[in-house]
Amino acid sequence: MPVDDAAVEKAIDELARGSVQAVSTLTLMVLRDKCSFAQFKQITTAFYEVFGSVHLQHAKEENDKDHSVHPTLQVMALRSLSCIVPDGALQEAHAKETCDALSNHWPSILEWILYLKNDYVDRKCIDVAFRVRAKRSIVDFIGLILHTDLRPIIPIIFQSPEALHTLLSLWRLEVEDHHFNCGNDSNDEVPPVYCTPGILDCWQANFVHTEDWSWGDLVAPFDNDGALLASTTLAHLKHDVAQVPMDYDRVICDIHLMTTFSIKECVCMPMLQQGSLLTLVSLFFSLVRSEHSSDALPLVAKALSYACWYIRSYVEVGDGLTWITQVIGAGLMEALLLIDPWIKYLPDPDDWEPLHQLYGEIIPKYSIHRPVLELLAKAHRHIEATGLLETIEKHTALWAAWEDFDAVVRSRLPLLAGDSTTTHSCQNVKCGKSRPAGEFKQCTGCLQVYYCSKECQTFDWNHGKHRIYCNTIQKRRAQGAITHFSSKDLHLFDAIILSDVTWLQPKVQELVIENPGVLAAIYSDYTEWPSCHSIEPVIETIQLPTCGCDLVLHSKWSDMIELARKSTSPRILIRSLIPCGIYPKVKLQVLPIESAGSNDGGVSLVDTENTFEHLYECSNVGLSFMDSAFPEVNRQEKEILCSGGAPSAPVLAV
């Protein structure tokens, strides 16, 4: 039945006189009675008029006189607009006119939003029930951006940083004050229309790749503290995961926000340190072991996929080992296999790319590290004992990833048992001496290198570029960017490298025979999976260094060539890249060809002259997975870690 024009006009008149009941009456005319578009325009115009500057000034004056007087009319009108405006945009012919009307009135509405936020929501002396209603009205109105037909208003609403600041502050408030927690929605007579995480997710999706994105604006509402932003994000996820029934859309938005906000390093590290990875591994188990309605299955799969994306994006942050060992210890390898039945609900292979990368590439390459390999062996035994493999569909990408994982664990596990005496090489490569640990003295600056004498240490400081390397390592240690390796860790590196060199030995011999007098070099890259190996004649060309460490490594490589040439027996040069997050390690070795191809990989006591080996902290500070996509975001932090320089005096060995 058509809505009577006279009834519309009567309700509008009552609204103009300040009737709160008129707000409900006009809202029902749109939502329940389905008024005409002309009547819709009349009603929305009437609502917009209550947000005029005259009304705002009057409200402020009344508030100054009596704090118990609240602008209830405007709070209800905001929520009503959030409900009825989408109806005006349902038809394409009316969508532009509806968006234009909202855009034209946005400046005055923003003033009211800021007033409600600052003078009511933020003030604890105000009645808490009204503060909650005011907060929800603000969120619901900004939530209009979630409607596809109203997307043109997104840049208009967020062209001013005050709107974003307000939204982020309210999102923070939901965590810090239980009255504003969305868990109380079911007890409210007027529950919220939209959720803050969903609105923020829509905002970041529209702006993160544009010039309008500002990391400063994002962190400002959190006292410019990235750790506070991280804790707020994680608290929202934990809260939403604990709800019964779970709101899958909210959980998906929470994970997406975690992934985006963590692009910034000042947010990323605190997020990891506060247990984001452990929370998501726990979420895996919770989702795959719970009962879900049939219509929720695609949403569950999407939440699992988003969680995989976050872990894949940040598990290699820093040295990588901290987070790799954490997730494996929490049961990641089992959890990823349990996701197998859910893959069919998201048929796009790109959605599951991070799952396959984690299982088939990232985790296996870190098995060169002893703590990782030991945890993987334990996880491998547990998976086999549970019979989980019997439930996995064969001939799939996930099964292929499992087979790669299985192969690397079985092949490398025996190498853990191999143990030999630690050997230190004099860092002055021209010296060429190597001796059992304890016979040489350690640099007290970098705590990384050894010398057979004070003379060799002084020479390396002045001519071997240790001055640069030592200062760089000290800076990185101050930044928490140095990874300590025990002698057992180093033994496994050697065992894996020399095991691979053993099966490369025939090609080395072939190269030496075909090219008499030519030095052979093995280049092994364990930062890729499968690891890459090449055998080439040594080319004495100078490459441009990319940082202080590279400058040192290039100098050492040249000295290693000279060392190998002056040896009376054949030598081989080995350069191995070791995965360690954004701080990859470089193992440089000069070994007798026979020793390099032996099963034990050791250097005999009679053949320790003109040999050299050392594990260097890095060849460069690399980019993390997300840094590669957003290289400018953390450029300054990377430049600090890459910067070289030199202390004023050499650091003497002790």
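What follows is a chat about a predicted model of one protein chain.

Q: Quick overview first: how many helices and strands does the chain have?
A: There are 28 helices and 9 strands in this predicted chain.

Q: And what share of the residues is buried?
A: Buried residues account for 53% of the 654 in the chain. The accessible surface is about 28,500 Å², and carbon and sulfur atoms hold 53% of that surface.

Q: What about contacts across the sequence, how many join residues at least 24 apart?
A: That's 75%, counting contacts between residues at least 6 apart in sequence.

Q: OK, the inside. Which residues have the most contacts in the largest nonpolar core?
A: Those are F158, F284, Y310, I311, I339 and Y359, in a core of 173 residues. Helix α6, residues 92-121, gives the largest share of this core, with 12 residues. Apart from that core there is another one of 31 residues, including C456, V552, W557 and I561.

Q: Let me follow up on Y310. What is Y310 in contact with, leaving aside its neighbours within four places in sequence?
A: Y310 touches I255, M258, T259, S262, M271, L272, S276, L277 and L280.

Q: Switching to strands. Is β5 largely enclosed or exposed?
A: Strand β5, residues 520-525, is largely enclosed by the rest of the structure, because 6 of its 6 residues are buried.

Q: Which β5 residues sit on which side?
A: A520, I522 and S524 are on one side, while A521, Y523 and D525 are on the other. Both faces are covered, and all of these residues are buried.

Q: Is β5 parallel or antiparallel to β6?
A: β5 and β6 (residues 532-537) run antiparallel, joined by 6 bridges. The two strands form a hairpin with 6 residues between them.

Q: Which α20 residues are buried, and what do they pack against?
A: The buried ones are R370, V372, L373, L376, A377, A379, H380 and I383. They pack against α17 (321-329), α18 (332-338), α19 (353-365), α21 (397-412) and α24 (487-514).

Q: Last one: H614. Where does H614 lie, and is H614 buried or exposed?
A: H614 lies in strand β9, residues 612-616. H614 is buried, with a relative accessible area of 9%.

Q: Which backbone oxygen lies 3.2 Å from a polar atom of the H614 side chain?
A: That's the backbone oxygen of Q448. Beyond its neighbours within four places in sequence, H614 is in contact with Q427, Q448, V449, V586, K587 and L588.

Definitions and conventions: Residues numbered from 1 in each chain as written. Predicted model: local features only at pLDDT ≥ 70, side-chain atom pairs only at ≥ 80, totals over all residues. Heavy atoms only, no water. Helix = DSSP H or I, 4+ residues; strand = E, 2+ residues; numbered from the N terminus. Buried < 20%, exposed > 50% of the residue type's maximum accessible area, 1.4 Å probe, protein only. Polar contact = N/O pair within 3.5 Å; in protein donor to acceptor, adjacent residues only side chain to side chain. Contact = heavy atoms within 4.5 Å. Areas by Shrake-Rupley, 256 points an atom, 1.4 Å probe, with all protein chains shown as cover. Core = buried A, V, L, I, M, F, W, Y, C linked by side-chain atoms within 4.5 Å. Pairing = 2+ DSSP bridges.
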